[in-house]
Structures are given as structure tokens and as C-alpha cells.
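Me: Please take a close look at a single part of this model and describe it in one connected account.

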Amino acid sequence: MECIGCGNCQQGEATYYCVMRNGFVIMEQYIPREKTKTSNWKKGGPQYEKHRRSRRELEKIG
């Protein structure tokens, strides 16, 4: 069977599902990278305040 090009092996993860092999593959040469926090949910931030206010309003209604 030939690779169908699903792209799972191109994600750069330690394990992935291969459709051609019909199973999970563990990458031996995987080098873990440090995760960075990309969240903008800091207290006082505009998105945080908007979300917090909408949740409070929902709690009052329910």
C-alpha cells in the first residue's frame, strides 16, 4: 500500500496515527520542544474582562 498523504507524519509529534499502516507510529528520533504559553487570559486583559463579565451575567440569569 502506498502513502495517501494524510499529513499526520508531518505534524512533528512523538506519536501519530498512520492510515497506511493502520496503526500508531512512535517516532524514535523525536526531540521534545519546550512548550510556550500563548494564552491571553491574564487578569486585567481586555479579553479576560470581556469573558469574565459575560460569565457573570450568565450566572445571574441561570
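Reply: Cys6 is partly exposed, with a relative accessible area of 41% (buried means under 20% relative accessible area, exposed over 50%, and partly exposed in between, with a 1.4 Å probe and protein chains only). The model is predicted, so local features need pLDDT of at least 70 and side-chain atom pairs count only at pLDDT 80 or more, while totals for chains, interfaces and linings use all residues. Residues are numbered from 1 along each chain as its sequence is written, and side-chain values use heavy atoms, leaving out hydrogens and water.

The sulfur of Cys6 has its closest cysteine sulfur in Cys9, at 6.2 Å, too far for a bond. Cys18 is in no disulfide either, the nearest cysteine sulfur being that of Cys6, 6.3 Å away. A search of the whole structure finds 0 disulfides (a pair of cysteine sulfur atoms within 2.5 Å).

Cys18 counts as buried, at 14% relative accessibility. Together with Tyr16, Cys18 makes up the covered face of strand 1 (residues 15–18), whereas Thr15 and Tyr17 lie on the uncovered one. Strands (E, at least two residues) are DSSP runs numbered from the N terminus. Strand 1 pairs with strand 2 (residues 23–26) in the antiparallel sense over 4 bridges; pairing requires that DSSP finds at least two bridges between two strands.
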